[in-house]
Amino acid sequence: RIMPMGDIKVHPASHVLHYAVQCFEGTKVYRVPDGVREFRLSSNIARFANSIRRSAMADLTKEDEKALYELIRELVLIDEHMIPSEPGYSLYLRPTCIGTQATLGVFPPTDAKIFVISSPVGPYYKSGFKPVSLMASTKSVRAWPGSTGAQKVGSNYGPTLLPLREAVEQGYSQILWLLPTDASAEDYFVTEVGTMNLFVALRNSEGIEVVTPPLSDVILPGITRDSVRGTNDVNLPVFDPVTLGLDV
């Protein structure tokens, strides 16, 4: 059902509060001259379903994904008047799933709740639509191989907030997350930025080559990343992904 924004009730013993059994998505709807356009909503829902599955909350079927898609489209029609008309502004959609089983015990929950928040938004950073400064962090790691780095779960983000605060205090906007290549921690693989995937423009004898780290279980498969690399419905150049070693 669709209702005005308000509080939700969860039991104090709910899994989301104790074991971070939670995942979410983020996508946008834009106002264009002939109406409004969503940005690859179905791809976000598919990634959302994967995160829900990885969090052991449910296995959404294609029919479930379609039903959620139609419900979100209905929400957008209701909130269409809130979609900004300024270039770069949009209506942000935040599908979320939380484990609500009220039992103190570490096991997959049998109850979960899905809800979607909508809100008009502008630039993510205070600097607006301008380049941001990044701090390459060797002190902390966002995700290790075998972890949930490829899913959009809250537990990927909470532990990064202290390093982010330290980076901001030093004048940076975000963290460029690195992964040690071996136990010596002398060389590092570049993975992603705290709020986005990473592309690097390299100048060589043949011109400019644009590369991005290959997807793995430490990198979120970004929808924008996929669009830039080229998909069946987006006719953009495809770049071969490479892993970049960084000597810090």
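**Interface between domain 1 and domain 2**

About 1,200 Å² of area is buried between domain 1 and domain 2, and carbon and sulfur atoms give 56% of this area. The model is a predicted one. On the side of domain 1, R40, R47 and R54 supply 48% of the area buried against domain 2, more than any other three residues. The size of an interface is often given as the accessible area lost when the parts come together.

The two parts of the protein chain are domain 1, residues 15-121, and domain 2, residues 134-244. Contact between them takes 15 residues from domain 1 and 19 residues from domain 2. The centres of domain 1 and domain 2, taken over C-alpha atoms, are separated by 23 Å.

Between domain 1 and domain 2 the count is 1 salt bridge. A salt bridge is formed by the side chains of R40 and D226, with an N to O distance of 2.9 Å. R40 is also one of the three arginines that together supply 48% of the area domain 1 buries against domain 2.

By residue class, the side of domain 1 that touches domain 2 consists of 4 nonpolar, 7 polar and 4 charged residues.

For the protein chain as a whole, the secondary structure comprises 5 helices and 11 strands. The radius of gyration of the protein chain is 20 Å, close to the 18 Å that the globule rule gives for 248 residues, so the chain is as compact as a globular protein of that length. The C-alpha trace spans about 55 × 50 × 35 Å along its principal axes.

The count of salt bridges comes to 8. One of these joins R73 and E38, whose closest N and O atoms are 3.1 Å apart. R73 lies in helix α3 (residues 62-78) and E38 in strand β3 (residues 35-38), so this pair ties together parts that are 35 residues apart in sequence.

Definitions and conventions: Residues numbered from 1 in each chain as written. Predicted model: local features only at pLDDT ≥ 70, side-chain atom pairs only at ≥ 80, totals over all residues. Heavy atoms only, no water. Domains from an automatic or database assignment. Contact = heavy atoms within 4.5 Å. Buried area = accessible area lost by both parts, 1.4 Å probe. Salt bridge = Lys/Arg side-chain N within 4 Å of Asp/Glu carboxyl O. Nonpolar A, V, L, I, M, F, W, Y, C, P; charged D, E, K, R; others polar. Helix = DSSP H or I, 4+ residues; strand = E, 2+ residues; numbered from the N terminus. Rg over C-alpha atoms; globule rule 2.2 N^0.38 Å.
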